[in-house]
Amino acid sequence: MSHQLGRNSFGDPANAGQLMTIEEAHALLNEWVPNERLRLHMKQVAAVMKAWAIGKENADAQTALKWELAGLLHDADWEKYPEEHCRIIIEELEKRNIDPEVIHCIASHGPGYFGVEPNNTMDKMIYAFDELSGFVHAAALIRPGRYEGLEVKSVLKRLKSPAFAAQVSREDINDAISRINYSLEEIIQFIIDHQKNVN
Ligand SMILES: [Fe+2]
Ligand SMILES: [Fe+2]
């Protein structure tokens with residue numbers, strides 16, 4: 001199975017600035033992703049992306065929505081079309097004339113799989129957040145208090161234990177962190193802070 005997208009250009013530059021409302025994105029998600037656990041993953045990545053855009057990138061409302069939409073929809077086709085992830089959601093967003101930056105961001109959320117390099121900060125951050133968000137959630141779920149009192153150091157310890165959430169690629173995490181000017185510790189803390197109340 002190959003997830004390589006085989007192209008580097010996504011959407012139409014003429015659609016720059018064209019987004020959908022967050023309600024429309026949730027409707028798409030509810031229709032495409034019956035699995036609640038998977039929907040939660042996307043809502044968590046969306047919340048973290050939005051918080052980062054506003055808190056670290058000084059994004060205006062429109063730009064923050066772009067980050068949020070990319071997070072919310074990045075795995076939208078995973079449940080129904082695992083073999084064709086993420087080609088199907090990309091084509092859907094192209095059909096809907098969505099801003100090419102949102103589509104490129106989704107296309108680059110796993111450069112090793114899709115063959116699309118993260119270009120701008122939004123691309124690099126979704127790559128950094130995606131796997132780690134799921135990993136942090138897994139680390140929270142095994143604790144009686146879940147996110148309550150969850151510390152970065154305990155997440156780091158789990159990362160060093162290959163058997164824990166073994167499907168999460170430590171290599172991808174390290175690669176993603178190497179592309180940004182923030183430490184693994186800072187990113188984990190940010191994820192804990194901004195996804196703990198998402199449900
Ligand atoms: Fe994915
Ligand atoms: Fe994901």
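The chain of this predicted model contains ten helices and zero strands, where helices (H or I, at least four residues) and strands (E, at least two) are DSSP runs numbered from the N terminus. Along the sequence, the pattern accordingly reads α-α-α-α-α-α-α-α-α-α. The radius of gyration is 16 Å, close to the 16 Å given by the globule rule for 199 residues, so the chain is as compact as a globular protein of that length; the radius is taken over C-alpha atoms, and the rule is 2.2 Å times the number of residues to the power 0.38. Taken along the principal axes, the box filled by the C-alpha atoms is roughly 45 × 40 × 35 Å.

Residues are numbered from 1 along each chain as its sequence is written, and chains are lettered from A and ligands numbered from 1 in the order in which they are written. Local features need pLDDT of at least 70 and side-chain atom pairs count only at pLDDT 80 or more, whereas totals for chains, interfaces and linings use all residues.

Of the 199 residues, 40% are buried. A residue is buried if 20 or more other C-beta atoms lie within 10 Å of its own, exposed if 12 or fewer, and partly exposed in between, with C-beta atoms placed from the backbone. Among contacts (C-beta atoms, placed from the backbone, within 7 Å) between residues at least 6 apart in sequence, 68% join residues at least 24 apart.

The crossing of α2 and α3 is right-handed, the near helix being turned clockwise from the far one by less than a right angle (anticlockwise for left-handed). On the α2 side, the residues in contact include Met42, Val45, Met49 and Trp52, and those of α3 include Ala64, Trp67 and Leu72. By class, this contact has twelve nonpolar, two polar and three charged residues; Ala, Val, Leu, Ile, Met, Phe, Trp, Tyr, Cys and Pro count as nonpolar, Asp, Glu, Lys and Arg as charged, and the others, Gly among them, as polar.

Lys66, Leu69, Ala70 and Leu73 of α3 meet Glu101, Val102, Cys105 and Ile106 of α5. The classes in this contact are six nonpolar, no polar and two charged residues.

Within α2, Ala51 is partly exposed, with 18 C-beta neighbours inside 10 Å. Its C-alpha atom is separated by 21 Å from that of Gly149, 98 residues apart along the chain.

Most residues other than glycine have a negative phi, and most peptide bonds are trans. The peptide bond from His85 to Cys86 is cis, with omega near 0°, and Cys86 lies in the loop between α3 and α4 (87–95). Asn97, in the loop between α4 and α5, has a positive phi of about 60° and is partly exposed, with 13 other C-beta atoms within 10 Å. Arg146 has a positive phi near 50° and is located in the loop between α7 (121–141) and α8 (152–159). Arg146 is partly exposed, with 13 other C-beta atoms within 10 Å.

Key: Contact = placed C-beta atoms within 7 Å.
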